[in-house]
Amino acid sequence: MNGTQATADCEAVLEAIGDAVICDRAFLEEILLGVVGRGHVLVEDVPGTGKTLTARTVASALGLSFSRIQFTPDLLPSDVTGTHIFNEQDREFEFSAGPIFANIVLADEINRAPPKTQAALLEAMEEGQVTVDGETRPLPDPFFVIATQNPVEQEGTFPLPEAQVDRFLVKTAMGYPDADGEVELLRRRASRETGSPSVDPVLEPEQVSQLRQVPETVRVDEDLLEYIATLSRETRTDGRVETGVSPRGTQRLFEAARAYAVVTGREYVTPDDIKRVAKPVLAHRLVLTPDATVNDADKGRIVERVLESVPVPTID
């Protein structure tokens, strides 16, 4: 698949999702970044904004299998990965796959699961495989996790460890629709019998796999490599930040910038591509100092300050 076809496919997918989900296009682009950039997406938002609908619609538009896991405090790793069940007819144990064995997995309220269950998901996200009873099993390809968490209600939750947060390529928020969007939501609901709209597949699984390879062909000039590295290093010098962006985060910014170039129809990365994806890719990787946390320092604003302080390379 070439870059032109990849961009056309991305646009078709965005239009299909936008027909079913009322939200800002920038949010859908950030979800698609996770798909094209071969990463995962963390959506932090209040209930009822349409996160589950978005995940289902993305899976439908991409022609991929979908499963939803409702994370709860009593959820066990085997409830996610699957377990061996004794077959009385054959007199032997056989593996019963868990809901993680799907192309797109919605990990709903991920921070409600205990750390042991979160760790099982971490292996799946990082390695594309799960280990059950000492046996490693590959997950479907492509594999993509959309995880959600509620930023308001924290009772009975287990905050994600920084190592797991760092595995998400993008952290974003859906937000409330504007006034016109909310009226349109009611208009759509009034004109149908069911509450959930659906879309037809735009791509096939093989095309999605090809699409995810296209960013590898996107050119990134040497001065932009230095710009990306400088942005990451600058986050480590801010007095409000205890732990800045890791080298893994630097690589993820590079990958997201290439993916965004594909989505927007270019065969090369520009400084604006990097600046566009910097906040959703870098902000959630920052660990603030205790004083900054008490003072409600905003991670997004810290990234914005970094973008303002680092000189932008010029393109000839």
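**Salt bridges and a charged patch**

UniProt, in an unreviewed entry, places the feature "domain: ChlI/MoxR AAA lid" at residues 233–305. Over residues 233–305 the chain is 62% helix and 7% strand, with helices (H or I, at least four residues) and strands (E, at least two) taken as DSSP runs. The end C-alpha atoms are 13 Å apart.

The model is predicted: local features need pLDDT of at least 70, side-chain atom pairs count only at pLDDT 80 or more, and totals for chains, interfaces and linings use all residues. Residues are numbered from 1 along each chain as its sequence is written, and side-chain values use heavy atoms, with hydrogens and water left out.

The structure holds 20 salt bridges (a side-chain nitrogen of Lys or Arg within 4 Å of a carboxyl oxygen of Asp or Glu). One of them joins Asp 108 to Arg 68, with the closest N and O atoms 2.8 Å apart. Asp 108 lies in strand S5 and Arg 68 in strand S2, 40 residues apart. Asp 108 is buried at 9% relative accessible area, whereas Arg 68 is partly exposed at 37% (buried, under 20%; exposed, over 50%; partly exposed, in between; 1.4 Å probe, protein chains only).

Arg 167 pairs with Glu 126 at 3.1 Å. Arg 167 sits in the loop between helix H6 and strand S9 and Glu 126 in helix H5, so the bridge ties together parts 41 residues apart in sequence. Glu 11, Arg 25, Glu 29, Glu 30 and Arg 276 form a salt-bridge network.

Notes
UniProt positions renumbered as here; feature names shortened; annotations may be inferred.
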